[in-house]
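User: Let's go through this one together. Could you take me around a few of its residues?

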Amino acid sequence: MSILCALFLLPCALLLDKVFEEPRPSLHPVCWMGRAAAFWEQTLRPVRGPVLRGYAAGFLALCCMLGCFVLPAMLLVSACAALHPVAGFAAAAVCVWVCLAPHCLARHARAVQAPLHRGNLEEARTKLSCIVGRETARLDKYAVARACVESVAENCTDGVLGTLFWACAGFVLAGPELAAGLAIAQRVANTLDALWGYRNECYLHFGCCAARADDVFNYLPARLALPCICLACHFVTDASAKNAWKVGCAFHNAHESPNSAWGEATFAGALHLRLGGPATYAGTVIAHPWLGTGSPDAEPGDIAAAIDLMLATTWTCALLLSLVMGLAKAC
């Protein structure tokens, strides 16, 4: 049973995502994370005080968030496993599923692609604003398509591959309970980084621990992304595995983030694009580096190719990690 659980845990979680996509907001744990984060921030973040107090409050808030979500998930899987091993497997698969969002990501990206393909730039900008943090009101059609491709590439790593990797690591170390726990922990860190990981006066100190935790959780998955994307290129029309490897290796350290460029640069090479570049956030232009050697003028078709590559990468990674899990249990 343990070997079957190892081999099918991640594929079952992805099948749940394909069939059901995401739970509705009232039942979605990530939405609960957002509300809990607001509560802990309001409760713990000091309005004024020494710098160290800000760091300490942020660390305590991170610990509270992990305790609120990781422990219940592990207890749920343990309780279900006590009833029957299949129930424990199902509970772990559900916990991994709710942390994944490849098909939701694909749906949001297609919502940008469709109006852009029709020539409705304003609608495309509006839809793009739902999945990126930058200002979209002045982006031309090429920049809208490029930003959408970047979002797909970035979320493929920290929103999908990160969850798969830590579920695999948890299962190998301690079975379904820890698989669920580490998958939830990675999603907590990723959610808090999106909410608190800003280098501004408000969050520079309070959000530091959450941002660093997200960096740690995504360190290995980001590096796993490069070979997985290259392998997935063989299943996507017009995607170049050779160029993906070349550009990914050349530009993986080009971004100011320690993890972002691994996936984005490899996507850029696979699709013969140049991604990144300056972007405006709340009126401030951030000079992000350019990644890749292709054209910066992305088209709606590039969004479709990015979606296909993201889904192929997701399944490639899941199957490889499932093999690792199966071999670990067999040994």
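User: Which backbone nitrogen lies 3.1 Å from a polar atom of the side chain of His 28?

Analyst: This is a predicted model, where local features need pLDDT of at least 70, side-chain atom pairs count only at pLDDT 80 or more, and totals for chains, interfaces and linings use all residues. Residues are numbered from 1 along each chain as its sequence is written, and side-chain values use heavy atoms, with hydrogens and water left out. His 28 sits in the loop between helix H1 (2–20) and helix H2 (29–44). A polar atom of its side chain lies 3.1 Å from the backbone nitrogen of Val 30.

User: Is His 28 buried or exposed?

Analyst: Leaving out residues up to four places away in sequence, His 28 touches Glu 22, Pro 23 and Val 98 (contact is heavy atoms within 4.5 Å). Buried means under 20% relative accessible area, exposed over 50%, partly exposed in between (1.4 Å probe, protein chains only). His 28 has 5% relative accessibility, so it counts as buried.

User: And what is the relative accessible area of Ile 3?

Analyst: Ile 3 belongs to helix H1. Along with Leu 4, Leu 7 and Phe 8, Ile 3 makes a nonpolar surface patch of about 340 Å². Ile 3 is partly exposed, and its relative accessible area is 37%.

User: Within what arc do the buried residues of H6 fall?

Analyst: In helix H6 (residues 121–128), the buried ones are Ala 124, Arg 125 and Leu 128. They line one face of the helix, because seen down the axis of H6 they fall within an arc of 100 degrees.

Conventions: Helix = DSSP H or I, 4+ residues; strand = E, 2+ residues; numbered from the N terminus. Polar contact = N/O pair within 3.5 Å; in protein donor to acceptor, adjacent residues only side chain to side chain. Patch = residues over 30% accessible without salt bridge, like charges linked within 9 Å, V, L, I, M, F, W, Y side chains within 5 Å. Areas by Shrake-Rupley, 256 points an atom, 1.4 Å probe, with all protein chains shown as cover. Salt bridge = Lys/Arg side-chain N within 4 Å of Asp/Glu carboxyl O. Arc of directions from axis to C-beta.
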